[in-house]
Amino acid sequence: MKLGSIIPAPLRKPAKPGESDAGKGAAPADLKISPPERPSDAQRLGERATEAPADVLAWVDQRTAASGLLTGMLYRKVPKGTNWFYTLGSATLFAFIVQTVTGVFLAMFYTPSATQAYASITHINNDVFLGQFVHGMHKWGSSVMVILIFLHMARTFFFGAYKYPRELNWVIGVVLLILTMTMAFTGYLLPFDQRSFWASVVGININGTGPVVGPYLSDFLRAGPEFGATTLARFYAVHMLLIPGAIIALIGAHLYLVAKLGTTAPPWLRGERPKVAAPVSQLDAGVEGDGAPPAR
Amino acid sequence: MKPADKQAYLEEYELLKKKGKPFFPYAVLKDSAMALIVVAVIVAMSIVLGAEQGPKADPTTTSYVPRPEWYFFFLFELLRVIKPPELVPLATVGIPTICMALLLLLPFYDRRPERRPGRRPIATTAGLLTIVAIAYLTYLGATGGSPTEIEMEVAPRYEAGKEVVVGTGCLACHKLGENGNDGPGTELTHIAQLIPRASILRSVEIGPGIMPSFRDLPPKKLNELADFLASLD
């Protein structure tokens with residue numbers, strides 16, 4: 001079976017003007033010559049069933065007009081030379097998805113209170129089905145995500161991919177990097193063992209030495225002048241509501257710009273210009289000239 | 001970048017795009033393979049390395065290592081590289097903030113059209129040096145341990161205070177004789193020459209600057225600690 005036939009019709013690759021489906025699929029002309037036998041009820045039901053996904057998609061599409069957008073995204077061309085370096089961004093996104101899913105499961109069992117947090121982690125590790133496994137995935141997934149986001153940034157930097165017209169996407173990416181590091185910082189306290197507790201105390205103190213906003217930032221993080229009972233709840237809220245929300249929104253913007261502007265080609269590649277045709281710049285001038293004759 | 005350069009880039013990009021392949025299924029296939037690798041690595045790390053708990057957080061003690069997650073080592077190590085107290089804010093906030101601003105604004109000061117790494121010597125060198133610096137600082141952070149004993153002969157009446165210093169993890173940030181990490185904290189070997197006992201005690205209780213406060217230590221331990229440190233001249 002061809003790959004194309006699995007995909008429901010509204011999401012198939014749109015045919016180019018020259019290569020329509022005529023002759024490939026069911027040709028209406030055949031129907032006129034010899035009408036097929038009336039299909040049995042079972043056959044009709046089978047046909048209905050196979051068409052159902054396409055019908056549902058068509059129904060949605062009529063109301064959203066999303067299929068054009070989707071096919072445009074799916075079948076847009078990525079430039080020549082796109083290689084494995086270009087998977088680092090989507091790999092970072094995937095690590096984030098792993099963090100989201102494992103984080104949701106951890107949140108079902110975690111208690112963000114200074115007196116119970118430690119015990120709830122013990123409970124997750126020892127009693128909950130696959131608890132330590134999911135906890136471990138979340139813990140190490142953060143390292144993997146940080147590594148991947150730095151690699152993705154290094155690729156973008158060395159390939160000069162942040163230059164025109166993708167400057168804004170670089171800025172969004174740097175903000176995402178900072179937010180990811182903030183996630184790592186706020187998440188580190190949550191297990192509430194000695195190491196995470198004291199590292200957070202020092203970390204907040206480091207923030208406090210900053211000029212002007214430093215002390216306020218520290219007070220905000222601690223929920224007061226002292227590292228107290230509410231500090232953990234505050235870190236928890238920031239870690240699982242505030243920053244993830246911002247990250248998801250910015251990933252949306254990041255991906256929108258990637259789809260709109262396209263991914264870059266490796267910087268050492270040069271496009272081959274068509275040999276016979278006039279340079280593109282002249283073609284453009286010609287198109288403009290068609291509209292209105294130049295005024296004299 | 002001049003308008004002509006922008007136009008030239010867009011034309012060049014169109015040409016390369018025409019030669020390219022559709023995102024689906026070609027790029028999607030690579031991305032999916034990479035996603036599988038990512039999950040496999042995370043699962044393997046979780047199974048092999050696990051998620052063991054350390055001892056429960058306790059503000060009143062002792063024997064802890066205030067170490068951040070490894071990917072913050074390079075920031076933490078800046079504090080050890082930059083020693084003088086008056087420069088500490090530079091290390092804690094100044095340099096990271098400047099680096100963040102430089103990173104964020106990169107496309108606005110690097111406006112030349114050239115993209116090949118070999119023809120952007122300044123950018124490529126700066127990038128490589130940054131990677132080397134971060135790797136080196138991370139290595140320093142990973143190898144700098146927290147000694148758990150003090151090899152120093154002291155009078156018997158100061159032994160108790162010495163134990164408190166060891167047990168409270170002071171050596172994670174302070175050098176004392178041959179032991180401890182030289183930074184971010186002040187060297188304690190001759191601390192009594194710098195400040196009197198009352199100031200030592202107050203520093204331990206307040207936690208000036210980035211130092212944590214140890215006010216939750218029992219008063220007896222605090223006094224033993226201050227006696228010991230005040231004897232170091």
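Figure 1. In chain B, 64% of the contacts with a separation of 6 or more are between residues 24 or more positions apart. The structure shown is a predicted model, not an experimental one. Chain B is made up of 10 helices and 1 strand, and its elements follow the order α-β-α-α-α-α-α-α-α-α-α from the N terminus. Its C-alpha atoms occupy a box of roughly 80 × 45 × 25 Å along the principal axes. The radius of gyration of chain B is 26 Å, whereas a compact globule of 233 residues would have one near 17 Å. Of these 233 residues, 25% count as buried.

**Figure 2. Chain A and its elements.** Chain A holds 12 helices and 1 strand, arranged along the sequence as α-α-α-α-β-α-α-α-α-α-α-α-α. Buried residues make up 31% of the 296 residues of chain A. Of the contacts in chain A between residues at least 6 apart in sequence, 71% link residues at least 24 apart.

**Figure 3. The contact between chain A and chain B.** Chain A contributes 70 residues to the contact and chain B contributes 64 residues. On the side of chain A that touches chain B, at least two residues each come from α4 (66-75), β1 (77-78), α5 (88-107), α6 (117-126), α7 (131-158), α8 (167-189) and α9 (194-208) of chain A. The most is given by α7(A), with 13 residues. By residue class, this side of chain A has 41 nonpolar, 19 polar and 10 charged residues.

**Figure 4. Strand pairing between β1(A) and β1(B).** Strand β1 of chain B covers residues 21-22 and is joined to β1(A) by 2 bridges. The two strands run antiparallel. Within β1(B), Pro22(B) is the bridge partner of Lys77(A).

**Figure 5. Helix α2 of chain B, residues 23-49.** This helix has 27 residues and spans 36 Å from its first C-alpha to its last, close to the 39 Å expected at 1.5 Å a residue. At Leu29(B), α2(B) bends by about 25°. The buried residues of α2(B) are Phe23(B), Ala27(B), Met34(B), Val38(B), Ile42(B) and Ser46(B). Their cover includes α4, β1, α5 and α7 of chain A, together with β1 of chain B. Gly50(B) follows α2(B) and has a positive phi, near 65°.

**Figure 6. Two cis peptide bonds, at Pro25(B) and Pro165(A).** Most peptide bonds are trans. In chain B, the bond between Phe24(B) and Pro25(B) is cis, with omega of about 5°. Pro25(B) is placed in helix α2 of chain B. In chain A, Tyr164(A) and Pro165(A) are joined by a cis peptide bond, where omega is also about 5°. Pro165(A) lies in the loop between α7 and α8 of chain A.

**Figure 7. The surroundings of Pro10(A).** Pro10(A) is part of the loop between α1 (3-6) and α2 (28-33) of chain A. Pro10(A) counts as buried because it has 20 C-beta neighbours inside 10 Å, and 20 or more are required for that class. Leaving out residues up to four places away in sequence, Pro10(A) touches Ala54(A), Leu57(A), Ala58(A), Asp61(A) and Ser67(A). One of these, Ala58(A), is 48 residues from Pro10(A) along the chain, and the C-alpha atoms of the two are 6.5 Å apart.

**Figure 8. Positive phi at Ala65(A) and Leu130(A).** Most residues other than glycine have a negative phi. Ala65(A) has a positive phi, near 55°, and sits in the loop between α3 (41-64) and α4 of chain A. Because Ala65(A) has 9 C-beta neighbours inside 10 Å, it counts as exposed. Leu130(A) also has a positive phi, near 60°. Leu130(A) is located in the loop between α6 and α7 of chain A. With 12 C-beta neighbours inside 10 Å, Leu130(A) counts as exposed, because that class takes in residues with 12 or fewer.

How values were computed: Residues are numbered from 1 along each chain as its sequence is written. Chains are lettered from A and ligands numbered from 1 in the order in which they are written. This is a predicted model: local features need pLDDT of at least 70, side-chain atom pairs count only at pLDDT 80 or more; totals for chains, interfaces and linings use all residues. Helices (H or I, at least four residues) and strands (E, at least two) are DSSP runs, numbered from the N terminus. The radius of gyration is taken over C-alpha atoms; the globule rule is 2.2 Å times the number of residues to the power 0.38. Two residues are in contact if their C-beta atoms, placed from the backbone, lie within 7 Å. Ala, Val, Leu, Ile, Met, Phe, Trp, Tyr, Cys and Pro count as nonpolar, Asp, Glu, Lys and Arg as charged, and the others, Gly among them, as polar. Two strands pair if DSSP finds at least two bridges between them. The expected span of a helix is 1.5 Å times one less than its number of residues. The bend at a residue is the angle between axes fitted to the seven residues ending there and the seven starting there.
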